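Let's learn to read a structure together, one feature at a time.

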Amino acid sequence: MLWLYRFLTGYIETEISGDVAETAINLCAKNGITLWNVKRRDKKLRAKMTVRDFRFMPSVLKKSGIRIHILNKYGFPFVAARYKRRWGIPVGAIIFFCFLEIMSHFIWTVEVNGNGNVPAYEITEACAEMGIREGTPKSAIDPQSAKQKLLLKLDSLAWASFNIEGCRLTVDVTEAIQKAEDNSAPTNLKASHDGVITKIDITSGNCVVKVGDTVGKGDLLVSGAIERENSTRFVHSSGSITARIEKEIKVEAYYEQEITVRTEKTRRKSVLLVFGIKIPLFLGKENYEYESSLKVKQAEFYGQKLPLRLYTGYFEETGRKTVKYTEKELKNQLETLLKEAAEVENLSDFEVKNREYDEINGGICLKALVSAESDIAAPEILLFNAGN
């Protein structure tokens, strides 16, 4: 702490010269004057001392023939004297600390902890609808009431807690456990498509088919009625039955197509978000087709998030261009469209058994008969007469 004391009281760097400069060291030691960082420069000495000790030097060195000169001044007294006429600095400091004092009564950031499947933005948006956001006075937040309102707004949450730590509001949540499938209603499993059964994996119910059987759409696969010797028990049938099915897929493509191309012209626009208030840093709006992306920068101070974000949007201008395809190129495009259509139909590892290309006005139509494995077990509520 010695350096802090010297800084607050002020110290100077001096140059001591004379016939025997070392004599000054002995005189200072005899009179209780502390010197440090003593260095020789030819026949002169350089040393540092406090302002208080320097005031006694003229009397100590009197009639010794030794002279002392000030080289540099350090410490708070000299800094204050240098800026004593600049009122902007103390006034600015006062305004700054008053601003911090006022802002300490508001929420700076809202953070969510404990969420997994529920997005954090969904929870913060629900809080904002309740009037709890960045810039909200801390005195306006009732944690117990806010907790109840949030749970009523979001059925996906089972528990919530609002904790205010300094200027940070932490929303701790626990997600609700999803309700299991209702297995109380007795059901059958029927075929959703014609096919040949290749795999059976039933966990409940009475399976009435076997691997290799050919079934039609609507045929019974698993019965929810299990016959006993003296009674019949009704259950909720569950499981999967995989079958090899055939399906026709139809896709079309045209020789002339309009596609979107980038013009390599990119514009950047930013918005500053301060305590939930959006401050646009641009003028005008975009009147052209574009592809956009967004980057967000969160201001932090020593690891603590501040209520200051910069949203930067990048707008890449696009245009429309007419492209002409050859027959070969169009057929390759149709094959890609066929794969995409099969994925939509959940047909994995499909095999094309037959292709038919038909000319249409300005293009080609592909009709493909595909064969693939698919789960064809569809549940159906079991209807029965309880009086029989």
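**Reading the features**

Q: Let's start with one cysteine: is C28 buried or exposed?

A: C28 counts as buried, because its relative accessibility is 1%. Buried means under 20% relative accessible area, exposed means over 50%, and partly exposed lies in between, using a 1.4 Å probe and protein chains only. C365 counts as buried too, at 3%. Before we go on, note that this is a predicted model, where local features need pLDDT of at least 70, side-chain atom pairs count only at pLDDT 80 or more, and totals for chains, interfaces and linings use all residues. Residues are numbered from 1 along each chain as its sequence is written, and side-chain values use heavy atoms, with hydrogens and water left out.

Q: How many disulfides does the structure hold?

A: A disulfide is a covalent bond between the sulfur atoms of two cysteines. The rule here asks for a pair of cysteine sulfur atoms within 2.5 Å, and the structure holds zero of them.

Q: Which residues of helix α7 are buried?

A: An α-helix has 3.6 residues a turn, so residues three or four places apart point the same way. Helices (H or I, at least four residues) and strands (E, at least two) are DSSP runs, numbered from the N terminus. In α7, residues 120–129, the buried ones are I123, A126 and C127. They sit on the same side of α7, because they cover an arc of only 100° around the axis; the arc is that of the directions from the helix axis to the C-beta atoms. Exposed Y121 and E129 are on the face turned away from that buried side.

Q: What covers the buried residues of α7?

A: The cover includes β5 (109–113), α8 (143–153), β6 (157–165) and β7 (168–175), where contact means heavy atoms within 4.5 Å.

Q: Which strands does β8 pair with, and in what sense?

A: Strands of a sheet pair through backbone hydrogen bonds, either parallel or antiparallel. Two strands pair if DSSP finds at least two bridges between them. Strand β8 (residues 187–191) runs antiparallel to β22 (residues 377–381), with five bridges, and N188 has E380 as its bridge partner there. Two bridges join β8 to β12 (residues 220–223), also antiparallel, and L189 stands opposite V222 in β12. Four of the five residues of β8 are buried.

Q: What is the strand order in the open sheet of four strands?

A: The order is β17-β16-β19-β18, with antiparallel pairing. At the edges are β17 (277–280) and β18 (290–301), each pairing on one side only. β18 and β19 (residues 304–324) pair over 11 bridges, and one of the partner pairs is S292 with F315.

Q: How many salt bridges are there, and where does R46 find its partner?

A: Side chains of opposite charge can pair when their charged atoms come close. The rule is a side-chain nitrogen of Lys or Arg within 4 Å of a carboxyl oxygen of Asp or Glu, and it gives 18 salt bridges. R46 meets E15 at 3.7 Å, N to O. R46 lies in β3 (residues 44–50) and E15 in β1 (residues 11–17), 31 residues apart. R46 is partly exposed at 28%, whereas E15 is buried at 13%.

Q: Which residue forms a salt bridge with R320?

A: R320 pairs with E258, the closest N and O atoms being 3.6 Å apart. R320 lies in β19 and E258 in β16, so the pair ties together parts that are 62 residues apart in sequence. E258 counts as exposed at 52%, and R320 is partly exposed at 45%.
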